[in-house]
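Biologist: Before we go through the classifications, could you show me the sequence and the structure together?

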Amino acid sequence: MRFERSYKLLIGLALSLVASCSASEASAQACPRAASASSGMRCELSGPLFVEVGEAFEIQWDSLNADELMSLGWQGNVTPKPGEEELDLSGSWTGLKLTKPGLATVQLRATNADGDVFCDHVIAAEDGTPPDLTIFSPADYGITTSRNALLGVIATDNDALKGTNGLTYSVNDGPIKTYPRDVCWGPACLTWAKIAPGLNEVKIFAEDRSGNVSEDSVNVLSDSGTGGLTCFINGPDEVQPDTPFNLYWYTHGGAITSMTSTWLVDDQFDAMRYVDQSNGSIQTLPDQNLPNPSFWGEIIKPAGDKPSLVTIRAEGPKGVAYCSAVIRHTDGLSCKLHGPRRVQVGEEFGVSWKTEGATKWKSRGWSGTFAKNASPPIDPYDLPKANGGWWKNKLSAPGLASVTVEVENAAGKKDTCDYSVVAVDTEPPTLVVMSPANHAVTTASTAEFMFFSYDNYKLHATEPLTYSINGGAPKPVNLKKCYYGICLFDVPITRGANTIQVTSQDVSGNTTTEQTHIFRDGGTGGLSCFINGPDEVEAGVPFDLRWYASGGSVTSLSNTWRVDDTFQQIRYVDPNNGSIKTLPASGGNPNPGAWTELVKNAGDKSSFVTLHAQGPNGEAFCSTQITVTDGLSCNIEGPERVDVNAAFDVRWKSKGATTRSSQGWSGSFAANAGPPLGKYNLPSANGTWSSLKLKEPGTAKVAVEVIHADGRKDRCDYSVVASDQSPPTVAILAPATDVTTSIASMNILFAAWDNWGIKSGDTGLEYRVRGGAWTPVDRSWCYWGCSIPVALDPGPNLVEVRARDKANRTGTDQVTITYQPVASCSYPGCYSSSGLNYYPIESCRAYGTGAGFGAETTGPKLQMNQAQSIRLSSTCGIPVDAVAVQGNVTIVNPNVSGSLSVYPGDAPLNFQRQLFYQPGNVNAGSLLVRLAADGSGRVNVRMRDGASSGQSDLLIDLNGYFK
């Protein structure tokens, strides 16, 4: 409501000023909306009346009976800012944004052989969006040994933060202090805050220039650690209710003399138990005096919305250390509804829903007055899918529409979410005067006045339409003379200039006023006159006007140059002798002919030339309008912000120039993605630099210079800021999905890439197993992808890989490998011995590619990504009823890097790799594989992850079999 109160009066005033521009001849000096006869021609602009600062919106234009359409330019903080330009007869500007609160206006001029008409649109912006505020340091419930905490925040706003007091903070609800702005770099700011020993709550506030405030908080624990003593607690960040989870703790850096644990008072743990490492028994966990084991197991967290803080205090001979872990509750069940908060009556809008963790979801019914065929189902009903939306909704009357969605999970837990949208009618009626054309001339005593009007909601019930003549009292329009919004009736006019004004009002009190001007002359005997000349001229360039009078004997002629003209020279050619004479300001016209060498000064005002011809039987009026342009302009359009390595386009446009040149680029462009960096002549007046990319964060700039034939110059500039908003992509390639294995170790193959680049050093690529400490990846094992050898414990093993880019953004991926060892196997990687016996054989080469490897059977070289079937039974003494074989597999001299999969001959491709290899090497590994169960005794081998042209020799040596 604050927004509407602030701008409704401004909008109404702006619209009324625009609408009244041509109310009289005198008003035209201050308003460029005067127009001449247009034969039903019109132009329209449509778009929102109210927007948020920084919110993208669209303006559409359309015209009728026009030959040309010209933008006369924008006023206001709009970006990108369309200038004066020639337009298609219908179209739109998209992606416009207002960068500051206030008004923006645009005006168009439509032209045909009969004259010009103008149309306008006004839009207001307010800043109702609070700043975005993120605390990136310290972590919530983080621990520091200092009495100062380093507070790091990122604060951005769609307009701008308040001045020096835009960023403030308080500690433990103490005095609010201002962030020192000299420690801010762009949106990131750092400062130090004094904290007391123990737990401290730090609140941070961001306020923008419009008074919107955002708040965030963080908890900081201060300890007094000395002597290098440290401790750590590892566990999940979130747990679901009634679900057991584990916590691990570690200490190092000195001999531990005592340890105690604390669970914060807001914890809601149902059971706290640990495994006694000495005998495997499960013991209840005391609140204090930690036991020796470094493992707590089967801790259960019930439903609730508060986090729990686990803190350990370790005391050694040289100091004290604290460590903590925060465990938050999640029920795994949620739903959200998104849509606009405010719409116009009759305006289409969409609502989307999203659910998580639900097995059932349904609408609880809509309320509101929806337009016909535009409302979602009103009664409760089951939604078709977990994520979806209602589209093309319209509210046919002002008021509130709302909906509730209910979700339920398999355990019977329910949750609801709500959405409401308010429909308002701030859009004034549409009103178009169809006849008479503006500045039309008639000899009749009445004019046939025709217009049509409609509203997005509905017009006022009583006297919705009124009209007035020459500033007289408004009169109601006889609605019986209106049909489907079109009204037609006769109005009396007097000799000379007449102004007819009509006003339309809707039920919400929004009004629209339009007017037209008509000259009534007393012409008889067919007397008429005409003036021909250019619609638009360049400043300082001579031009001609011709005038004619016909249809009767002309006894006198007078001309009038409007008071807003800025003609530098007004001269005409004497048709009697061809001499050039000065044209008087008014009256005393020469004989019919031409005015030549008129020169218009630079300026943005239109000039009108009016001719009055009088004969013995009557009189006639004629006029023309001349608009000045300097004929030289350029502008450059493109995005304000881009992501590093994201492709974007920049377009330049110029007018009236004979020479156009780039004045050089600055910025870090990606290879083959930037325009020439030096100065060079542009190939055309209008063009585009396409698919540009900035390879590093920062600003890129370019300027264009245009030169007119007479030496006049103009210059336009463009800047774009690149930032790194995209985290790295991490993809575990093998195993591609969660797998189960009987082998106690496995190589993990992953790839990581970033639009800017992976950070160098130990934190660029890291991995951890079973929630342990993060370990740097040995990059000597990275070639296209990276290989990590992982030792597995019995049961599930969660392997996590993360990458950090140069902007410190993180991407992760994970896979679970379940290790199921077989107790009776006596060697690593045993296949299975349940009900089977192992029979060793003398080492034997069962298979080789080509004839030079001494194998019992041979075959062709392996080709990349092509499975090859190999029979291993009945070779090397392996019987046909063997279930599995054991031995070694060797890749010899591959020409690419990749991995090898060996899997049963009757099974689909197994993504578990037995062997990774590098080009030009001999690469060997152990083999344990089941044979096809159909009696064929076959296995499949397949090279993967290399180039499509990869190939290699293969050897299989067997040491035994199972049956």
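This is a predicted model: local features need pLDDT of at least 70, side-chain atom pairs count only at pLDDT 80 or more; totals for chains, interfaces and linings use all residues.

Biologist: Why is A139 called exposed?

Modeller: Exposed requires over 50% relative accessible area, and A139 has 53% relative accessibility, so A139 counts as exposed. A139 is found in the loop between strand 10 (132-137) and strand 11 (142-144).

Biologist: What is A139 in contact with, leaving aside its neighbours within four places in sequence?

Modeller: With those neighbours left aside, A139 is in contact with V218 and N219, where contact means heavy atoms within 4.5 Å. As for G152, which lies 13 residues from A139 along the chain, the C-alpha atoms of the two are separated by 10.0 Å.

Biologist: What makes strand 8 mostly covered?

Modeller: Buried means under 20% relative accessible area, and nine of the 11 residues of strand 8 (residues 102-112) are buried, for which reason the strand is described as mostly covered.

Biologist: How do you know that strand 8 pairs with strand 4 and with strand 9?

Modeller: Pairing asks for at least two bridges between two strands. Strand 4 (residues 68-75) and strand 8 are linked over six bridges in the antiparallel sense, with M70 standing opposite R109 in strand 8. Strand 8 and strand 9 (residues 115-126) are likewise antiparallel, over 11 bridges, and the bridge partner of L103 is A124 in strand 9. A hairpin of two residues joins strand 8 to strand 9.

Biologist: Which residues touch the most other members in the largest nonpolar core, and what makes such a set a core?

Modeller: A nonpolar core consists of buried residues of the nonpolar kinds joined through side-chain atoms within 4.5 Å. The largest has 28 residues, among which I870, L872, V885, L900, L954 and I956 touch the most other members. Several strands give two or more residues to this core, including strand 71 (838-849), strand 75 (884-892) and strand 76 (898-904), while strand 80 gives the most, with four residues.

Conventions
Residues are numbered from 1 along each chain as its sequence is written. Side-chain values use heavy atoms; hydrogens and water are left out. Buried means under 20% relative accessible area, exposed over 50%, partly exposed in between (1.4 Å probe, protein chains only).
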